[in-house]
Amino acid sequence: MKPQTRPVSPKCSVADQPVPDDLRAAPARWSGLRHFAKEPLLLAIVVLAAVALFVVPLGAVGRLAFFATGGGVEAFSAALSNRSVQRALWHSLESAALAAALAVLLGGGLGLLIGLTDIRGRVALSFAILMLLMIPPHVTAIAWMQMLGPSSVLLQMLGAAPPLGSTNPLYSREGVIALLALQQVPIVYLTLRAALRAFPRDLAEAARVSGAGPWLLLRRVILPVMGPAFLAGYALAFVSALGNFGVPALLGIPGRYVTLPVLMWQRLASSGPSVLADLAVLATLIGAVAVVAVWGQMRLSRAMSVALIGAAQQPLRLRLGRARPFVEAGLWTLLMLLVVAPMLAMLATAVVPTYGVPLGPDTVTFRHFHEVIFTQSVTARAFANSAGLALAAGIGVATLALAVGALLRGPLSAGVRSVTMLAEIAYAVPGLVISIAFIIAFIKPLPVLGISLYGTHAIILGAYLSAFLAIGLKPVGVAFAALDPALQEAARVSGAGFWRRLWRIDLPLIAPAAASGAVLVMLTAWNEVTLSSILWTRGTETLGTVIFNYEDGGYSTLASAMSIISVLATLALMLVLHWFGRNLPPGIIPWRG
Amino acid sequence: MSITLSNISRRYGGTHAVDNLSATIPTGCFFTVLGPSGCGKSTLLRMVAGLEPLDEGSIALHRRTVAGPGLHLAPEARGVGVVFQSYALWPHMDVLGNVAFPIEAAGASRAAARTEANRHLQSVDLGSFANRRPADLSGGQRQRVALARCLAAQARIVLMDEPLANLDPHLRAAMEEEMTAFHARAGATTLFITHDQREAMALSDLVAVMRQGRFEQIAAPQDLHDRPDNAFVASFIGRGAVLDAEVTATAPGRATLRLSSDLHIVARALTAKVGPAQVLLRPGDLRLDPSGQSGLVLSCAYRGDHWEARVQVGKLARPLTVSLPYRASPMETLHLAFSGGWVLRQD
């Protein structure tokens, strides 16, 4: 439009305003196709991806469990009357329930102590606690086995090792539960810290000015208000422990404490794909338990969010006074024992010639590192596979999450909300259920193309995308929610269409959060063993499966050397994430804020 | 007629944010919608911009229907400029990038857009800030960048959603002049939303007073102040008291009213008829007169260049508002003469 030439700002009056009766209807500005090429096209792509990642695999499990010949009620009652299934199901429920309870005690205590007091170094403490979650379960299990077993280099140096030939004390029900609990501590800790951040400070201050001391305040005000957070943390820890594979596989098999995921893995490993129908039934069983637990947890957190509406305030900082240095020293000692000591034990195993040889100046060797990096082709391949898969999964999840986030703010949000729900379900069900679902769905050649995905990298990548999408969705969702909607609207009224807005406004603003989500997914994929444990074949070995197989086959020194390298890589990725997160809204980097 | 609203409605749940509202806004007019918070004025602006769908009615911009039954033209296709309350400057772009964006969206290359944008940036005296980030600017400077972005869009219709509300009071007066200059420069039809009547009076050609999703009255600022239609407008704009009265006689342009058994006044009126009515008495309609009605001072407050007293006269239902050159003490007796008043529209 050209600037007008007539005099501007005329005095206008109400009198000369007849309502025109010749309002022309606007011409149809868009043909159907041009309209479709905007949000609907992106939605179609996202929905297609969701169908391939969630609907097809999980649907295939359901179909096989319920509608295959011999499936349905009959198959479920047959499975439930089988002695080993009964025992494994009980072991799964028992270990998850007890481990979650222990995790609530330890994680809840840490959360209250760090979240409510004037303790120093909160971010560093949180980072150390998160290490418990970031170091994968199978590596944790190996490290603790080596720290507490009869051949423990560390205990031998202290002269406190159990007699040679005795069973490792961790090969037991108690060992499985203890290590499962340790892995879930950060989950409870994070849930509690988030709830404490939302805790209205004046509630506590009102109690203090009413004459309540710190203990009365804790007992009568904080703990009752935090009740739902404890319950939510318990449910999350329960679901996570239920799906754990690395700990019960490495400790439970020698300890004759087999959980349901381990039983499923054993059956597939010993009989191959012919037992898929049985596995579909077991997968449905344990998946249902997880979904029910998550559903309960979601109802709880909804109740919690209603209870805790209050303005964001400086968090409460109870003064520890003279006890502070002692509390800090105690906390760091505890974390050293739980995080650093097992890693040192594993390092000690990695640098002795053979497992059991005492560590000394003349026995130290870096042969195993040399071997896993340069000599063995399978380990080199595993490093490359895991790095590539983690990178691809990170980028894939971040891209999908960005698309979902952008659509959630638009007029088609209803269509994409179901995708986020499917992602939550896939994240909640045990990893083994997802991998079995992918085998069932994709073992047959794809229609039209005629090739089977089984035995390729693609099937592992697909399982990663399916199981980890929820991890990438969260930071993107938080970032979109923190964004002023007017920024989008300003672009719209400036004449920018959907793709231009996505590319020029949404993408640059959400990119840091999406990248953080990508790194979180990479961390998870780099460290996982559950999904690839039954999807890998020769050529597609992952880091987790090779470490697991080495340890399983008695090559503890090689397994330890690989674990040390993978933990160092994990630590490096976490530091990258830490640096990424310095300007992000709180709630994206787990240990920040 | 550059903006035509025909019976538009917008409901949230059971409540009407905008309720069967009709109006036409002439080309080039600075049109202000003034109302208390929650009256639906922001929703109205968002409906015109295309950011909010209509439940009923239709909207035409420059005689082209952009929203109506089965029709919703996307905001990016309407060619309107919007200045948001939060300014909505994109934090990841520099100042010049923000101003250049609408030019790029219209199809120009990035380089050409930046050259063109520089011209608009200079017109708001921010030429030397081209490469700053919005976060490094003061509130007033951000406001001017938002205006420059609006200029760059070359929109013939500009919508402003309380653009001065986030500024410090001392900046606001300066920005009001900036707004007037902006309107003169762009010559665009401007729909301005505010809850601040002083702002509305200072800037507008026409003001619409909005309440509960409807326009109570549309008039030029002085008409709104001197000749309000109803009690809501009369009490929302300016100061004064609205009293129940009885019209006893009428003449062209005036009416005689009985306020109480012993108090009769002559007031201005548009069309008055004998019978019950309401009359607005502003401080300007009352003056001190030793031979006038006696009244009792209830309270007195300093208003900057005069004292404002609430005075109870006789048995009138409400105290009157009176401007005084000195401070009156409570319970002091004043004598007032009635020199005018305005008869509100009778039902």
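**Reading a two-chain predicted model**

Biologist: Which residues touch the most other members of the largest nonpolar core?
Modeller: In general, nonpolar side chains tend to be buried together in soluble globular proteins. In this structure the largest nonpolar core has 300 residues, and A:A393, A:I436, A:A437, A:Y464 and B:V279 touch the most other members. Domain 1 (3–231) and domain 2 (239–343) of chain B both contribute residues, so this core lies between them. A nonpolar core here is a set of buried Ala, Val, Leu, Ile, Met, Phe, Trp, Tyr and Cys residues joined through C-beta atoms within 7 Å. Buried means that 20 or more other C-beta atoms lie within 10 Å of the residue's own; exposed means 12 or fewer, partly exposed is in between, and C-beta atoms are placed from the backbone.

Biologist: What should I keep in mind about the model and its numbering?
Modeller: This is a predicted model, in which local features need pLDDT of at least 70 and side-chain atom pairs count only at pLDDT 80 or more, while totals for chains, interfaces and linings use all residues. Residues are numbered from 1 along each chain as its sequence is written, and chains are lettered from A and ligands numbered from 1 in the order in which they are written.

Biologist: What does B:V279 touch?
Modeller: A contact needs two C-beta atoms, placed from the backbone, within 7 Å. Setting aside residues up to four places away in sequence, B:V279 touches B:L243, B:A245, B:L257, B:A267, B:G341, B:W342, B:V343 and B:L344.

Biologist: How are the two domains of chain B arranged?
Modeller: Their bounds come from an automatic or database domain assignment. Taken over C-alpha atoms, the centres of domain 1 and domain 2 of chain B are 39 Å apart. Four residues from domain 1 of chain B and five from domain 2 of chain B make the contact. On the domain 1 side, the residues divide into two nonpolar, no polar and two charged. Here Ala, Val, Leu, Ile, Met, Phe, Trp, Tyr, Cys and Pro count as nonpolar, Asp, Glu, Lys and Arg as charged, and the others, Gly among them, as polar.

Biologist: Is A:L250 buried or exposed?
Modeller: A:L250 counts as buried because it has 30 C-beta neighbours inside 10 Å. A:L250 sits in helix α11 (residues 246–252) of chain A. Beyond its neighbours within four places in sequence, A:L250 is in contact with A:H138, A:A141, A:I142 and A:E551.

Biologist: How many helices and strands does chain B have?
Modeller: Chain B has eight helices and 20 strands. Helices (H or I, at least four residues) and strands (E, at least two) are DSSP runs, numbered from the N terminus.

Biologist: In what order do the strands of a sheet come?
Modeller: Strands of a sheet pair through backbone hydrogen bonds, either parallel or antiparallel. Two strands pair if DSSP finds at least two bridges between them. One open sheet of chain B has six strands in the order β7-β8-β9-β3-β10-β11, with mixed pairing. Its edge strands are β7 (80–83) and β11 (214–219) of chain B. Within chain B, β3 (residues 30–34) and β9 (residues 189–194) pair in the parallel sense over five bridges, and B:F30 stands opposite B:T190 in β9(B).

Biologist: Which order does the open sheet of four strands follow?
Modeller: That sheet of chain B runs β18-β17-β16-β19, with antiparallel pairing. Five bridges join β17 (residues 307–313) of chain B to β18(B), and B:V311 has B:L320 as its bridge partner in β18(B).
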